[in-house]
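Hi,

Here is the structure I promised to pass on.

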Amino acid sequence: MSKTPITVAYGDGIGPEIMEAVLKILDAAQARIAPEVIEIGESVYLRGHTSGIEESAWESLRRTKVFLKAPITTPRGGGYKSLNVTVRKTLGLYANVRPVQSYEPFVTTKHKSIDLVIVRENEEDLYAGIEHQQTDEVVQCLKLISRPGTERIVRYAYEFARRNGCRKITCITKDNIMKLTDGLFHRVFDEVGQEYPELQKEHMIVDIGAARLAEMPERFDVILAPNLYGDILSDIAAEVAGSVGLAGSANVGDEVAMFEAVHGSAPDIAGKGIANPSGLLQGAILMLVHIGQSEVAARIKNAWLKTLEDGIHTPDIYDERVSEKKVGTQEFAQAVIERLGQEPERLRPARFGKPSPEPMVPKLERKTPAQKELVGVDVFFNWRGQKPEELAAMLEPLAGQNLELVMITNRGVKVWPGGFPETFRTDHWRGRFMGQGREVRHSDVVALLGRLAEAGLDFIKTEHLYTFDGKPGYSLGQGQ
């Protein structure tokens with residue numbers, strides 16, 4: 001049978017050691033793959049490529065459309081982009097799928113029955129990486145949540161749950177505070193969920209959701225979350241299950257998919273031969289299922305489970321109460337190879353169905369745009385004063401005929417009119433100017449900024465305030 005081309009990167013730190021071990025196992029299991037090796041990571045960063053990847057590597061990824069990647073190291077200091085984020089966003093890998101299982105009693109955990117999957121949005125949220133320093137005292141990071149991006153990941157999560165026989169899906173956000181961004185994510189979850197009546201659905205605020213995941217992980221089946229929360233929750237789940245070192249990850253898009261371990265490059269143990277290759281192996285197993293080699297994936301997963309059962313453990317999970325032998329990276333790989341064809345006796349054997357020929361997410365149908373109306377503008381200032389009434393006295397005469405100053409905030413908390421003297425203030429202020437029922441034009445905003453500039457006020461950012469079908473598209477309150 002023909003072999004599937006895949007792109008392989010050995011990475012940094014423990015990456016080369018664990019990739020060597022994983023490829024040996026894949027070869028012994030007769031995985032039908034043809035690896036193309038590319039160089040990424042620290043050495044490429046230090047050659048002047050700020051994203052850690054060269055053009056030739058992109059050519060390989062776009063050709064094979066399958067990427068098995070070991071962990072990489074991003075050099076310290078500014079000016080270097082996250083390679084993982086770059087690859088995910090450049091190739092449209094919008095769905096991060098992280099299965100988590102417990103292997104008790106062979107891997108120590110307080111929870112014996114963990115079997116869940118975290119589906120994490122992979123391109124948006126704070127991971128868009130759009131940051132600015134605006135004043136001496138304040139920096140900002142923009143949280144971007146789009147309806148098309150949310151619809152894709154929400155539908156992916158529902159389809160994943162349906163196709164894998166899952167019973168329940170839990171959406172986790174912080175929409176009690178971030179009512180527009182996280183509120184959109186929650187709202188789309190509810191809307192799309194109407195098409196999946198056979199699934200139980202629930203929503204949790206991220207703080208209680210994280211607490212329950214740490215204390216009662218057995219209650220979860222599929223967890224859906226925006227980018228940042230999903231990243232944090234998946235590490236919590238993996239650690240609660242026994243070790244982050246055992247967790248693999250799939251990053252899936254419409255055309256390309258990347259498979260990796262959840263953990264990092266662990267430079268402190270690099271070269272010692274003691275790293276656990278299990279996380280990357282789990283990523284490789286997900287890869288085999290993705291490319292239609294489910295029988296090979298099950299063969300490897302069962303051999304790995306049997307190795308755990310036999311007490312052959314690397315130092316990170318070694319426990320003298322259940323372990324029989326402490327082994328290094330390559331010894332562990334050899335133990336898995338020796339058990340190919342065997343199945344675990346106490347742990348549940350792995351079975352993988354063939355992937356569906358139907359795409360997980362149909363082509364997105366964009367909705368009819370809402371009626372959009374400009375009703376005001378927020379202007380942010382770098383101002384060293386401390387008394388908001390003094391700033392208001394400067395801003396009110398400059399508002400003009402079509403705009404009126406209605407509020408001043410400092411770090412999102414209203415300080416004028418009617419602020420409290422106890423409120424801590426920085427040099428980052430916001431003035432909200434509204435049309436007060438009158439039509440607001442872009443020329444009104446431009447004229448306002450001109451008057452502010454002539455008055456010597458340092459405005460550092462503006463945000464236009466719109467209504468969409470009559471509903472405000474901006475936060476109304478004082479902040480939290």
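Below is what turned up, starting with the aromatic rings. Keep in mind that this is a predicted model.

The count of aromatic pairs comes to seven. Take Tyr158 and Phe189: their ring centres are 5.4 Å apart and the planes sit at 15°, so this pair is stacked. The two come from distant parts of the chain, with Tyr158 in helix 5 (residues 147-163) and Phe189 in helix 6 (residues 181-193), 31 residues apart. Both Tyr158 and Phe189 are buried. Ring pairs also bring in Tyr196, which makes a cluster of Tyr158, Phe189 and Tyr196.

Then there's Trp383 with Trp429, an edge-to-face pair at 5.3 Å centre to centre and 75° between the planes. This pair links distant parts of the chain too: Trp383 is in the loop between strand 15 (372-382) and helix 12 (388-395), while Trp429 belongs to strand 18 (residues 428-434), 46 residues apart. Trp383 and Trp429 are both buried.

Lys372 has its charged end over the ring of Tyr466, 4.2 Å from the centre, and Lys461 lies over the face of Phe380, 5.6 Å from the ring centre.

Last stop: Ala261, in strand 12 (residues 257-261). Its relative accessibility is 6%, so Ala261 counts as buried. What does Ala261 contact, leaving aside neighbours within four places in sequence? Lys69, Ala247, Gly248, Gly279 and Leu280. As for Pro277, it is 16 residues from Ala261 in sequence and 8.7 Å away in space, C-alpha to C-alpha.

Cheers

Note on methods
Residues numbered from 1 in each chain as written. Predicted model: local features only at pLDDT ≥ 70, side-chain atom pairs only at ≥ 80, totals over all residues. Heavy atoms only, no water. Helix = DSSP H or I, 4+ residues; strand = E, 2+ residues; numbered from the N terminus. Buried < 20%, exposed > 50% of the residue type's maximum accessible area, 1.4 Å probe, protein only. Contact = heavy atoms within 4.5 Å. Phe/Tyr/Trp six-rings, centres within 6.5 Å; stacked < 30°, edge-to-face > 60°. Lys NZ or Arg CZ within 6 Å of the ring centre and 35° of its normal.
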